[in-house]
Amino acid sequence: MIRRIVILTAAMPLLLWGIDFETFKKEVLAHSKILHAKALSLQMQMQKNRILLRSANPELGLEAGSYRPDGEDTSLGYAVDIRQRVRRGSFMKGLSMKADAAQLLAEAYYAEGREGYLKRLEELYTHYVYSVKRVALLEQESKLLGRVARMVYARYRSGSDAKVSWLKAKSEADALDAQIVRARAGKEAFYHQMLALAGMTKPISMDAAFLYPVEVGKHQNDDLSPKERIIQARERLLQSEKRLYTDTFQSFDIVGGVEQEPDQTIGRVGVAIPLTLFNTQKEERALAKMKLAQARLQNEQLAIETEAQKSIRLQTIEALAARYRMLAKLQREQQELAQLLQEGYRIAKVSLFELMRAKRTLLETRTSLLQTRKESNLKTIELRYLEGKKND
């Protein structure tokens, strides 16, 4: 019972108060089942490396025989031998290099999975933030349109405006309410997708704020993207595998034994070395060399593609920033116009058609501003991923 109280007490800040994304991300990093499962891959690779480097078990041979010299009784004898396979020093060094490279590759795969996971989490949060702000914008417009509708109804009741104007205003308000219902459904969908990805089953209250500004910042660094780190680690693994086939043979056997005969005891010790007459591992060396050349070509091509993708996204962000500035200026002008038209309608100098068109245009511009911020954030998330920036 006490343990349950402690758990509920610890969870209450998440349940009762809004948290920002950084706090949410810390909770995810600490408790995500997906990330914990990915982290197990590193421990699994360590076990594989121990298997790779462990020594072979010795082999024990036992034999029994009967001896019957001419004219004598049968006597029993036996032979015991033990055989131990020993790896050459150069081969063991190559195996050690392979184990280190395999661990590095596992870490690169883990980093890619982890950064890709956090990238997806940021993208879902960005969609969620956009949905929250979109709902708030529509609700604000609904209140303003409600005022206009009441104004039109009052004029209709007083006989200073036609019924068609009242129906037009009511139709606009009903259409906006339908948009609000759809926007709320979209917000809930992204909210639950985000919690599911985070592995959370309890509802939480989150602040809604875009992660990155629209303005273009500095995006120059020498970090590798997750995929580039994988290719680089794979190249190192192939280099270690190529080293394994440097020698014509990799191991030999040390053999020792004792043979007991009726009239003598024989001790033996020796070495069994492979005779590399038919299998010199020439083909393995050639194959390893080709794999290494292939990995280097892939690495070079990936570097070219990554730089191109960075450049494309940076140009897109710059274009979105310019578009955002233009829309912000346009919004200020349209907002001032809408206020003037609303005042003009109140004193019967502006038609309802002009007022509604101005309101609709202003709503479209505000929506475009939100859409631009969302797109800019999504492109920034992609760019940061390509640049290999950590999302801790």
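1. Contacts of Val-86. In this predicted model, Val-86 is in contact with Ser-251, Phe-252 and Ile-254, once its neighbours within four places in sequence are left aside. The residue belongs to strand β2, which covers residues 75-87, and stands opposite Phe-252 in β3, so that one of its listed contacts, Phe-252, is also the residue facing it across the strand pair.

2. Is Val-86 buried, exposed or partly exposed? Its relative accessible area is 26%, and because buried requires a value under 20% and exposed one over 50%, Val-86 counts as partly exposed. A further spatial relation concerns Pro-58, which lies 28 residues away along the chain, while the C-alpha atoms of Val-86 and Pro-58 are separated by 9.7 Å.

3. The sheet. Strand β2, which holds Val-86, is part of an open sheet of four strands, ordered β1-β2-β3-β4 and paired in antiparallel fashion. Its edge strands are β1, at residues 59-67, and β4, at residues 264-272, each of which pairs on one side only. From one strand to the next, the twist averages 15°.

4. Packing of α2 against α3. Helix α2 (residues 21-31) and helix α3 (residues 33-53) have axes that come within 6 Å and cross at roughly 45°, which means that α2 is oblique to α3. On the α2 side the contact is made by Val-28, Leu-29, Ala-30 and His-31, and on the α3 side by Lys-33, Leu-35 and His-36. Sorted by class, this contact of α2 with α3 has four nonpolar, two polar and one charged residues.

5. The chain as a whole. The chain contains eight helices and four strands, and along the sequence these elements follow the pattern α-α-α-β-β-α-α-α-β-β-α-α. Of its 392 residues, 36% count as buried, and the chain exposes about 24000 Å², of which carbon and sulfur atoms supply 56%. Where contacts between residues at least 6 apart in sequence are considered, 82% join residues at least 24 apart.

Note on methods
Residues are numbered from 1 along each chain as its sequence is written. This is a predicted model: local features need pLDDT of at least 70, side-chain atom pairs count only at pLDDT 80 or more; totals for chains, interfaces and linings use all residues. Side-chain values use heavy atoms; hydrogens and water are left out. Helices (H or I, at least four residues) and strands (E, at least two) are DSSP runs, numbered from the N terminus. Buried means under 20% relative accessible area, exposed over 50%, partly exposed in between (1.4 Å probe, protein chains only). Contact means heavy atoms within 4.5 Å. Two strands pair if DSSP finds at least two bridges between them. Axes are lines fitted to C-alpha atoms, for helices over the stretch in contact, and angles run from 0 to 180 degrees between N-to-C directions. Angles under 35 degrees count as roughly parallel, over 145 as roughly antiparallel, 65 to 115 as roughly perpendicular and the rest as oblique. Ala, Val, Leu, Ile, Met, Phe, Trp, Tyr, Cys and Pro count as nonpolar, Asp, Glu, Lys and Arg as charged, and the others, Gly among them, as polar. Accessible areas come from the Shrake-Rupley method with a 1.4 Å probe; for residues, only the protein chains shown count as cover.
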